[in-house]
Amino acid sequence: MIRFRLKELIADKEFKEQRKITLTEIAESTGVNRTSLSKMQNPATRHSTTTNAIDSLCEYFGCEVGELMIYIPEQKAKAE
């Protein structure tokens, strides 16, 4: 399964910039729907997205794709 690391990236950005960052702010800055962002934050939700959204989020967070999302084999995902 693919797990988005959105919560971690938001926490890192908040720490670096010493301010609160909302999903609404991210949605407005990236053009990615707030509902999609919310679904990406929930590991139990399997959310499908576009490469355009991934590109926008990587640009916003200044990260690589592998920092935005990671692959977790099904066996390990079920154990968590």
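This is a predicted model: local features need pLDDT of at least 70, side-chain atom pairs count only at pLDDT 80 or more; totals for chains, interfaces and linings use all residues.
Let's start with the helix pair. Helix 2 (residues 23–30) packs against helix 3 (residues 34–41) at an angle of about 120°, and their axes are 9 Å apart. Helix 2 and helix 3 are therefore oblique to each other. As for handedness, helix 2 passes helix 3 in a right-handed crossing. Here is who makes the contact:

| Helix | Residues in the contact |
|---|---|
| Helix 2 | Leu23, Thr24, Ile26 and Ala27 |
| Helix 3 | Arg34, Leu37, Ser38 and Gln41 |

Now for the aromatics. Searching the whole structure turns up one aromatic pair. The ring centres of Tyr60 and Phe61 are 4.9 Å apart and the ring planes sit at 85°, so this pair is edge-to-face; the cut-off for that label is over 60 degrees. Both partners are tucked away: Tyr60 is buried, and Phe61 is buried too.

Last, a look at a loop residue. Thr50 is found in the loop between helix 3 and helix 4 (51–61). Is Thr50 buried, exposed or partly exposed? With a relative accessible area of 48%, Thr50 counts as partly exposed, because that label covers values between 20% and 50%. Thr50 and Val32 are 18 residues apart in sequence, and their C-alpha atoms are 9.6 Å apart in space.

How values were computed:
Residues are numbered from 1 along each chain as its sequence is written. Side-chain values use heavy atoms; hydrogens and water are left out. Axes are lines fitted to C-alpha atoms, for helices over the stretch in contact, and angles run from 0 to 180 degrees between N-to-C directions. Helices (H or I, at least four residues) and strands (E, at least two) are DSSP runs, numbered from the N terminus. Angles under 35 degrees count as roughly parallel, over 145 as roughly antiparallel, 65 to 115 as roughly perpendicular and the rest as oblique. A crossing is left-handed if the near helix is turned anticlockwise from the far one by less than a right angle, and right-handed if clockwise. Contact means heavy atoms within 4.5 Å. Rings of Phe, Tyr and Trp (its six-membered ring) pair if their centres lie within 6.5 Å; planes under 30 degrees apart count as stacked, over 60 as edge-to-face and the rest as tilted. Buried means under 20% relative accessible area, exposed over 50%, partly exposed in between (1.4 Å probe, protein chains only).
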